Amino acid sequence: MVISAQGNVHNLAVLLSGKPQVQKPITWRQFAQQDTVSFGKALEPRFEIPYSGPVVTKALKTSINAANPEWQGLKDMTSGENMFPTPKAFLSAFHSANRHYLNDFTGELQAKAVIAKAYSDDKTTIKPENVLISAGTYAAASNLFNAVKGDILIPAPSWYMFEPMVASSNKKHTWVAVSKENNYIPTPKTIQAAIQQAKAAGQDPKILALTNPHNPTGGQYTKQQCQEIADVCRKEGLTVISDEIYRNLLYPGTEFHSVRDFYPEGTMLISGPSKEASMPGWRIGWTIFPETNDGEALRDHLNRYQEGLGSMTNSPAQSALMNYFESSDIQEHVQRVTALHAQRMHTVQQGLTKLGLEVPKPDAGYFLYVDFEPLRPQLAKVGVKTSADLQQYLYEKKGIVAIAGSDMGLPKDSLGLRVGTSKLDAKNDASGEATFKRYAEAGFPAEGFVTPKTQPELFAFLDDMTAIVDELKK
Ligand SMILES: Cc1ncc(COP(=O)(O)O)c(C=O)c1O
């Protein structure tokens, strides 16, 4: 059974062209390796869903839930969930919500007004009607891909869900190359090269999908990078989807810049509180459209699309938003959670760098991009030649499960992985709460809080990685 935020009939209609049969549970590896799916005689898949990454996550969850012995002791580093507690004031606003009616499939005007105010600044006042509230940022992005014409450019590596979303909207994508030197963020040159490549393949590239701060590196775009991307997109007539879901998890002392600041007429900002406030299950996300005639026309189209889909954020979650941005309790909590992630992430980044791995310094969130390229010769000796091999190797050696570079748009033979640290010392709500409580008691910002005593699983991960690398180097 699949429970959806409504829209089940739509989902089936999108995916299938006649009776689904329940499949036997299989391991994540089998899941990842299968590239065709059989539903039975009457229904056929309309297209292949080209990912193993989300399947890894899904398989992890279902296997763990089923207490599958095969998965005991594994370290789930695939997760995109923030496991520190949801701000109490936000939780109580949700619990005391007394709105349960279905007023508007595009979101309640009052909730839109709250979001519009939070994103308005001296330069731009956002009209509440120019905000669309969706069942999470996932839905905001995939509705956009589904509802407009044109193909999509995606930086590689990038958030691994963009690719399946684009495929399910029956569009094509082209990867935009990035380099270590430019902190894994696309340049005008690489964007233009991707446009040429897409056109040569018969595509009609119209959208550049960005994550800022970047998933998987946690890197923040500089002002100059934003300006340059804005200039080239304006010149080439590309619309930008700027996914800014990690924006409020930007570490202390880092300044946020968005492509939207330089290209407001051509950027659609998507985001939501799932990550910063640890409540991805509430399904709140939003799209902010450009304050232009074109932006409003697109908004009307997307509004109708979402109304037709019948998928929206539940009403209690929307009412909980009313005080979200202005509550100092909530915003302070988010800052503290962020500061704890910052300490943890810098510890892991430094530890892995010391081992000789290439790990860009993160500015936000709880993902690291770990490139094992410097160990390619040693890895080749043990038969590891691709990121999928590497993913399997870490699992077999130490039970570590991370997302393979090839699921994020990198060539098969890349040796990059996305490593999520959020479940270490916080594998469930209770341990996340306990770790955060200790941090809070240590007194914010509690410099030096992160030690093997307070974060044993984080340091055990570093020990495991040290053992793996030492063995490879022998
Ligand atoms: C870049 C990015 N955007 C969106 C999401 C999903 O956000 P939401 O919970 O709002 O659907 C994730 C997390 O999985 C993400 O990493």
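The model is predicted, so local features need pLDDT of at least 70 and side-chain atom pairs count only at pLDDT 80 or more, while totals for chains, interfaces and linings use all residues. Residues are numbered from 1 along each chain as its sequence is written.

Start with the whole chain. Its secondary structure comes to 16 helices and 12 strands. Helices (H or I, at least four residues) and strands (E, at least two) are DSSP runs, numbered from the N terminus. The chain has 474 residues, and 46% of them count as buried. A residue is buried if 20 or more other C-beta atoms, placed from the backbone, lie within 10 Å of its own.

Now the sheet. It is open and holds 7 strands, in the order β2-β8-β7-β6-β5-β3-β4, with mixed pairing. The edges are β2 (131-134) and β4 (173-177); each has a single partner strand, so one side of each is left without a neighbour in the sheet. Neighbouring strands are turned by 25° against each other on average, direction ignored. Here axes are lines fitted to C-alpha atoms, for helices over the stretch in contact, and angles run from 0 to 180 degrees between N-to-C directions. Two strands pair if DSSP finds at least two bridges between them.

Follow β7 (residues 267-271). 5 of its 5 residues are buried. Thr 267, Leu 269 and Ser 271 lie on one side, Met 268 and Ile 270 on the other. Strand β6 (residues 239-243) pairs with β7 in the parallel sense over 4 bridges. There, Ile 241 has Met 268 as its bridge partner. On to β8: 3 bridges join it to β7, and the two run antiparallel. Ile 270 is partnered by Thr 287 in β8. Strand β8 (residues 285-288) is also joined to β2, antiparallel, by 4 bridges. Val 131 stands opposite Ile 288.

Helix α8 (residues 188-200) lies across β3 (151-156), β4 and β5 (205-211), at about 150° to β4. Contact means C-beta atoms, placed from the backbone, within 7 Å.

Last, the ligand. 13 residues surround it, and the closest are Gly 80, Gly 136, Thr 137, Gly 272 and Ser 274.

Terms used. Near = placed C-beta within 6 Å. Buried ≥ 20, exposed ≤ 12 C-beta atoms within 10 Å, placed from the backbone. Contact = placed C-beta atoms within 7 Å.
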